[in-house]
Each structure stands twice: as structure tokens, then as C-alpha cells.
Amino acid sequence: MRDRFRDLERPLAIRKKDVVLMATVSSFEGLAHPTRSELRQFAELFMPLFQASSEEARRQAVAALSQCKTIPPAVALFIGSQPIAIAAPFLTASRAIDDDTLIIIARSQGTAHARAIVSRDSLSPKVIDALVALRQAEPRQTAPAAVADIPAETLALPPSAAAMDATDFSERLAKEEAMRERIKGLARHLGRNDANRLGLRTLSKIQEALLVRFARERQAGSFATALADALSASRWLAERIMLDISGQQLATTLTSLGMGFLDAVFVLERLYPHLAEPQHNVTRAWMVLDALDPEECHHRVEAWRRADSYTYGPQDQAPAEQAAAPVPPAVRQVPPARHIRIVGRR
């Protein structure tokens with residue numbers, strides 16, 4: 001009841017446009033198979049009403065349209081280009097957005113919209129390739145890295161000491177200093193150049209493409225072979241990594257090898273379906289990979305490789321050494337007695 005009274009307090013024109021917007025959306029929802037003219041008419045009516053309505057009415061309209069099977073492409077692009085707080089349910093749930101529209105939105109709207117698109121139940125290979133390209137094109141060193149050089153006085157200017165007690169002033173300074181140290185730590189973390197892999201074992205483009213392909217087709221055997229080749233290790237180590245159904249070991253390995261983030265998310269979701277479940281607006285595979293530290297992953301994988309070489313190296317090299325050993329010269333054999341001629345004295 002209180003909300004209804006608050007609705008009455010709003011300007012009459014805004015309330016009327018909200019009602020007209022919801023009526024337009026409701027009538028469009030009732031069309032099982034809208035014709036081209038009906039789609040065009042809805043697009044012409046929806047956009048001006050949407051812009052003139054309140055934010056609450058916009059959210060309700062977008063939530064309703066997210067369940068429609070058919071939407072004009074212009075309306076889909078218009079809704080997907082709205083702020084993420086409004087567009088998120090539409091980008092994650094709508095089945096009426098085609099691949100080209102999703103790619104345009106991901107390229108033009110930024111990271112938040114791209115993450116909402118990644119959390120969809122299913123993505124075509126075309127959209128996945130576009131998202132991977134966007135991920136690889138992102139600059140790793142961003143503006144927050146420069147925050148570490150900003151003096152404390154610039155980040156926050158404390159009020160005058162005369163305006164407050166000495167105790168409050170010291171507490172305020174301590175809180176500001178702690179906040180500044182936290183910002184500097186985040187800046188160092190965000191500004192770290194993970195693309196610099198000099199001296200590290202790195203996947204080639206062909207190896208990365210093969211791993212993604214085998215994961216897409218869920219060919220575990222071929223994937224294990226390709227992974228062992230990328231690690232320069234035995235197939236036993238690759239299979240042992242894949243047997244961890246939590247996906248943690250494979251995520252650690254892919255991060256150590258430098259696979260693209262979205263490619264690694266796709267591989268984990270295909271090989272471990274439970275990691276494709278949404279959690280906090282992203283999938284569980286996304287959260288597993290996002291929590292890993294690349295340097296720690298590298299040290300862990302190198303330890304696995306050393307242990308694998310100690311266990312399987314000599315056995316694998318023994319046949320090769322035997323094959324490469326020089327063949328001993330043929331032993332002179334004494335011919336059979338029947339072939340020996342006895343020469344007597346004359």
C-alpha cells in the first residue's frame with residue numbers, strides 16, 4: 001500500500017508513460033508469432049516510451065522482454081546497450097538475441113556486458129571466438145597502476161585538525177593511510193604484466209587451438225595427448241591432472257601455460273559440466289580461474305613436471321637408448337665341419 005501511495009506522488013506524466021510502456025510490452029508478449037509489420041511497429045513505439053519512463057518501469061519491461069522468443073533486432077541492440085544494471089537479465093537470459101548483436105554489444109559496451117554474455121547458458125563458436133579476441137586485445141596494464149605514485153595528499157585531503165578532536169583526527173589519518181596502502185596493493189596487482197612470459201613454458205597457437213577443439217568435442221583422450229605434448233611430460237601426468245574433477249589442477253595447468261582466460265573458461269566448462277553452473281553472475285569455472293595466481297601456478301606445474309620426469313623419464317628413455325646403442329660387430333663363427341676341407345700331406 002505504501003508503494004502505491006509513492007507511485008501517486010510521482011508526476012502524472014511519468015506514471016502515464018510507465019503504464020503505456022508496460023501495456024505495450026504486455027501486448028507484444030501476447031503475440032505468439034508477430035509479423036514483420038508488428039515487429040516494426042513495436043520497435044517504433046518501444047524506444048521512445050522506454051527513454052521517457054522511470055527506471056523501475058524500464059527494469060520491469062526488460063525483465064518481461066527477456067522471456068520473449070522473438071524481438072526486433074533493433075530493440076535487442078537497444079536494450080543490450082543500456083547500463084549493465086538494466087541490461088544484465090536480458091543479456092544473460094534472452095534467446096531472441098542473435099550472435100551478431102551479442103558481438104556488437106560485447107565490443108562496444110565493455111567488460112561488464114561481456115561478462116554478462118559469457119554467463120549465458122549456451123554460446124555459439126562465433127561468439128566465443130569474438131569474446132576470446134576481445135580478451136586478448138585488452139591492455140593488461142591499465143590506469144590504476146599509476147595510483148601507486150599519487151601522494152597521499154592527492155588521494156584524500158583530511159579536514160583541518162582544528163575542526164575535530166586530536167583522537168578523531170589521528171583515527172581518520174590512520175584509516176586514510178590504510179585505504180591508500182590497499183589501493184596501492186590493488187594497483188600493483190592490476191598493473192602486473194601477465195603477458196610477459198619470457199622464459200616460461202607457453203602454449204603455441206596450434207596447441208591452444210587443439211586443446212579448445214578437443215574440449216569442445218569432449219574428446220578426453222585426444223585432449224590428454226595434446227596436454228602432455230604442451231607440458232613436454234608423460235601422458236600419465238596429463239591424465240592425472242584431468243582426473244581432478246574439481247577442475248582446479250587443470251585450471252592451474254592452463255593458467256601456467258598462458259592460455260587465454262575465456263578459452264580456459266570454455267575448456268573447463270566443457271570438460272567439467274558442473275563448472276558451467278552460474279554463480280554470482282558468472283560461472284564457477286570463471287571464479288576458479290579468477291582466483292588463481294599465475295606465478296604460483298607456474299611453480300606448481302613445474303614441480304609436477306619434475307616429479308613426472310623422475311618417475312617416467314628413465315623408463316621412457318631406456319628403449320630409445322637401446323635403439324640408439326651401436327650394434328656390436330658380428331662374431332666370427334666357425335663354419336660347420338662339413339664345410340672344412342682337410343688338406344693332407346703328400
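Q: Which exposed residues does the face of α12 turned away from its buried side carry?

A: Start with terms. Helices are DSSP runs (H or I, at least four residues), numbered from the N terminus. Exposed means over 50% relative accessible area, buried under 20%, and partly exposed in between (1.4 Å probe, protein chains only). Here, Lys-205 and Ile-206 are the exposed residues on that face of α12. This is a predicted model: local features need pLDDT of at least 70, side-chain atom pairs count only at pLDDT 80 or more, and totals for chains, interfaces and linings use all residues. Residues are numbered from 1 along each chain as its sequence is written, and side-chain values use heavy atoms, with hydrogens and water left out.

Q: What span does α12 reach from its first C-alpha to its last?

A: The expected span is 1.5 Å times one less than the number of residues. α12 has 12 residues and reaches 16 Å, close to the 16 Å expected.

Q: What follows α12?

A: Look at phi after the helix. Arg-218 follows α12, and its phi is positive, near 55 degrees. Arg-218 is a residue other than glycine. It sits in the loop between α12 (205-216) and α13 (220-231). Arg-218 counts as partly exposed because its relative accessibility is 46%.

Q: Where does Ser-232 lie, and what is its phi?

A: Ser-232 is in the loop between α13 and α14 (235-242). Its phi is also positive, near 55 degrees, in a residue other than glycine.

Q: How many residues has the largest nonpolar core?

A: In soluble globular proteins, nonpolar side chains tend to be buried together. A nonpolar core is a set of buried Ala, Val, Leu, Ile, Met, Phe, Trp, Tyr and Cys residues joined through side-chain atoms within 4.5 Å. The largest one here has 78 residues. Those with the most contacts inside it include Phe-46, Phe-223 and Leu-250. Helix α16 (residues 261-271) gives the most to this core, with eight residues.

Q: Which residues is Phe-223 in contact with, leaving aside its neighbours within four places in sequence?

A: Contact means heavy atoms within 4.5 Å. Phe-223 is in contact with Leu-211, Phe-214, Ala-215, Met-242, Leu-250, Val-267 and Leu-271, its neighbours within four places in sequence aside. Among them, Leu-211, Phe-214 and Ala-215 are buried residues of α12.

Key. Helices (H or I, at least four residues) and strands (E, at least two) are DSSP runs, numbered from the N terminus.
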